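Have a look at the model first, then read on.

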Amino acid sequence: NLGDNMKVKLFDENHEKDLELAINDFLCDNNIEVIDIKYQYLKVADNLFIASINSDIYKKNVYGVIDDTENVIIPFFYTKIEYIGSGNFNLSVQSKSVRIRVGVEATYSDIKPLCKNLLKRKLIAWGIVDEQGNEITPCIYSDIKYDEDLDLFRVSTSTEKEADYKKWGVLDGNGKELCSPKFNKISTFRDGQATVSAFHGSGIISKEGRLIPSKVVKLDSTYSAVYSIGRWAFLRNGDGALVTDYMYKSIYCMSEGYYIVEFDDFEHYSWDNKTHSGLLDKDLNTIIPIEYNSISKLTDNL
């Protein structure tokens, strides 16, 4: 008995046509309004409803909480929801659970970060949803930390080399990637900056997701070399744009428009880590492949 002013929601699990027609005839004969047949489960929780839907995104039934006008109070992505009275709910996803309290005017946006987790590639993977439970990011992150002051998310992924090895990046409050996951660690932001570390060094990142260089060396009229996290990158002199990642162990200007670069492709410290040299032109195209022990100039053409 939902009360005289409450709307009735029905579902037919097997979608049998004769049963559906019989239900519709019954509702019409008794002047009962049918507003939707989409919920697989409904349970009264004081002035709210615990409901479940068959989600196309998650390929299974997921639970959420709605009010009597179908406003989503708790997004639909939980595997189990229990109401324990006085506005308190236990929310569960896989083996993780949390207890929250919702009031008359409270929505799930009051609880940050808005995250869901799903079993994906044998890992618990996380994503971000908005207040209505709409997916902002896919479930691709192994960890998410929310910075409330700056409305930023620090997110990590696992590399293909090791399932438990994390790389950290930064998203804004709308889930837009400011910095792709590539750092071993990102500290809490203070005064709009955070410390980042990689296997080959550390540096400072801005709230916009850009590394702040600690050294700048002019190479020629076209480029400068900038240094951070133990690596060098190319900076265009005209507009100050970073045109490569911080990936080179060293950069030297051999002559105007030609650059000797040293590079190693090992992400982990190793006794077998070797450095290779190559030559780039003014468009940073490879003239001599990065595979030699050293490169030096003999003449203008050799």
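1. Let's start with a sheet. Four strands make up an open sheet in the order E21-E22-E23-E24, and the pairing is antiparallel. Strand E21 (250-255) and strand E24 (286-292) sit at the edges with a single partner strand each, so one side of each has no neighbour in the sheet. On average, neighbouring strands here are turned by 15° against each other, direction ignored.

2. Now zoom in on one pairing. Strand E23 (residues 276-280) runs antiparallel to E24, and three bridges join the two.

3. Next, a loop residue. Asp-264 lies in the loop that links strand E22 (258-263) to E23. Is Asp-264 buried or exposed? Its relative accessible area is 7%, which is under the 20% cut-off, so Asp-264 counts as buried. The side chain of Asp-264 also makes a polar contact, at 3.1 Å, with the side chain of Arg-231.

4. A word on confidence, since this is a predicted model. The chain has a mean pLDDT of 77, with 71% of its residues at 70 or more. Confidence is highest in strand E19 (residues 223-228), at a mean of 96, and lowest in strand E8 (residues 115-120), at 44.

Definitions and conventions: Residues are numbered from 1 along each chain as its sequence is written. This is a predicted model: local features need pLDDT of at least 70, side-chain atom pairs count only at pLDDT 80 or more; totals for chains, interfaces and linings use all residues. Side-chain values use heavy atoms; hydrogens and water are left out. pLDDT is the predictor's confidence in each residue, from 0 to 100. Two strands pair if DSSP finds at least two bridges between them. Axes are lines fitted to C-alpha atoms, for helices over the stretch in contact, and angles run from 0 to 180 degrees between N-to-C directions. Buried means under 20% relative accessible area, exposed over 50%, partly exposed in between (1.4 Å probe, protein chains only). A polar contact is a pair of N or O atoms within 3.5 Å; within protein, one must be able to donate a hydrogen and the other to accept it, and residues adjacent in sequence count only if both atoms are side-chain atoms.
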